[in-house]
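Hi,

Here is the structure I promised to pass on to you. Have a look at it first, and then read on for my notes.

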Amino acid sequence: MTDASIQSTKTDTGEAGFGDYFALLKPRVMSLVVFTALVGLLVAPVGVNPVVGLASILFIAVGGGASGALNMWWDADIDRKMKRTLTRPIPSGKVEEGEAFAIGITLSVMAVVMLGLAANLMAAALLAFTIFFYVVIYTMWLKRWTPQNIVIGGAAGAFPPMIGWAVATGGISIESVLMFALTFAWTPPHFWALALFTKGDYANAGVPMLTVTHGRKTTRNHILGYTFALAAVAIALGLTSVGGPTYMVIALVLNAMFIKGAWDVFRRTDADSEADSHKAERGLFKLSLAYLFLHYGALLVEASLKPFGLGGWG
Amino acid sequence: MAIKAEHEMHKRRFSRNVGLGIVLVGFVALVYGLTVAKVSELYQPEASSEANQ
């Protein structure tokens, strides 16, 4: 037995380092959860004690991470079949499936209970529903059943700003529902633009993606349709109490750019796309990343201007 | 001569233990901070009503 083989055997026996367990929580997804939840909390009309706010954001992040661990536990079989997910802790053999399940359940319960104690029952109930929705409704039920899986999965990722808002206000309002709708309507064009230029191996894993089940032309149509819905939501959010002139200018520019990008993608054929290495699709995907960040950033700007009598609609 | 076994596995275990230790200490500090914040909030309305009187 060589040193190299000893090394690989030991790595595959579940002797995971701390980082491997942390990777179960999907840190990149968690960063979006933290950012949008923080915006939801900060733009709310009610102030929150900084310690309570920090703890709440942390528990929302842990809850989101826990649902990621449960997703990896349930999807371990398909993660082993796809190149993109082969390096995840379970397929790589660093963490056992049972460990991921135990960590996911424990952290889920802990995050919900602690958020209830730190903030309020509404925020805790919304976090519990988010975890349930992502793990049971999306991961276990609909992901492998319908090509609209991206749309449904997007709803789970859209709840954090609502939870952040609930931490501050203890309730739900039109502003928080529209913040939810913004991320919800943004997710399909974002992921389908990506699906158009990546050679995904979802088909091998038995996951129905729109590009495979209904073809790439239908995917292009869907991107355009959701982009119009997204623009309507983004503008409507700007007309509420969390919006204002700064947000509106940024939203108008970004949505005009996004509609133009989606229109270009809609008009192209696959031959056009192959010819220039999916330039328009890549461009739309990159724009979508900036789009969401800048919209939430603009809401933060409005909120931070308010103490000086500048933010909002006066 | 004492047996000394330093292996990648031991490093991983050590990182796990240190990581968990930091998380637990952080959690205790957070709950302590939350308690202080909650108790302060609890007495704030009374303090302000006293000030009004």
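**Around A:Glu281**

Leaving aside neighbours within four places in sequence, A:Glu281 touches A:Ala193, A:Leu196, A:Phe197, A:Arg220, A:Val265, A:Arg268 and A:Ser273. Please keep in mind that this is a predicted model. A:Glu281 sits in helix α16 of chain A, which covers residues 279–305. Its relative accessible area is 0%, so A:Glu281 is buried. A:Glu281 also belongs to a network of salt bridges, together with A:Arg216, A:Arg220, A:Arg268, A:Asp270 and A:Asp276. Two of those partners, A:Arg220 and A:Arg268, are among the contacts of A:Glu281 as well.

**Salt bridges**

A search of the whole structure gives 13 salt bridges over all chains. Side chains of opposite charge can pair when their charged atoms come close.

The side chain of A:Asp20 forms a salt bridge with that of A:Lys94, at 4.0 Å from N to O. A:Lys94 lies in the loop between α5 and α6 of chain A, while A:Asp20 is in helix α2 (residues 18–23) of chain A, so this pair ties together parts that are 74 residues apart in sequence. With a relative accessible area of 23%, A:Lys94 is partly exposed, whereas A:Asp20 counts as buried at 13%.

A:Asp20 has a salt bridge to B:Arg12 too, with 3.2 Å between the closest N and O atoms. Both A:Asp20 and B:Arg12 are buried.

A further pair is A:Lys143 with A:Asp75, whose closest N and O atoms are 2.7 Å apart. This pair links distant parts of the chain, 68 residues apart: A:Lys143 is in the loop between α7 and α8 of chain A, and A:Asp75 in the loop between α4 and α5 of chain A. A:Lys143 and A:Asp75 are both buried.

**Where the chains meet**

Chain B has 1 helix and 0 strands. Of its 53 residues, 13% are buried. Chain B exposes about 4500 Å², with 66% of that supplied by carbon and sulfur atoms.

Between them the two chains bury about 1600 Å², 66% of it on carbon and sulfur atoms. The count of salt bridges between chain A and chain B is 1.

**A:Val95 and helix α6**

A:Val95 is in the loop between α5 and α6 of chain A, and at 3% relative accessibility A:Val95 counts as buried. Its contacts beyond four places in sequence include A:Asp20, A:Tyr21, A:Leu24 and A:Ala100. A:Val95 and A:Asp79 are 16 residues apart in sequence, and their C-alpha atoms are 13 Å apart in space.

Helix α6 of chain A (residues 97–118) passes a simple length check: at 1.5 Å a residue, its 22 residues should span 32 Å, and its end C-alpha atoms are 31 Å apart, which agrees. The buried residues of this helix include A:Ala100, A:Gly104, A:Ser108 and A:Met114.

**A nonpolar patch**

Helix α7 of chain A (residues 121–142) gives the largest share of the patch, 5 residues. A:Trp141 is found in this helix, and at 51% relative accessibility A:Trp141 counts as exposed.

Best wishes

Terms used:
Residues are numbered from 1 along each chain as its sequence is written. Chains are lettered from A and ligands numbered from 1 in the order in which they are written. This is a predicted model: local features need pLDDT of at least 70, side-chain atom pairs count only at pLDDT 80 or more; totals for chains, interfaces and linings use all residues. Side-chain values use heavy atoms; hydrogens and water are left out. Helices (H or I, at least four residues) and strands (E, at least two) are DSSP runs, numbered from the N terminus. Buried means under 20% relative accessible area, exposed over 50%, partly exposed in between (1.4 Å probe, protein chains only). Accessible areas come from the Shrake-Rupley method with a 1.4 Å probe; for residues, only the protein chains shown count as cover. The expected span of a helix is 1.5 Å times one less than its number of residues. Buried area is the accessible area (1.4 Å probe) that two parts lose on being put together, summed over both. Contact means heavy atoms within 4.5 Å.
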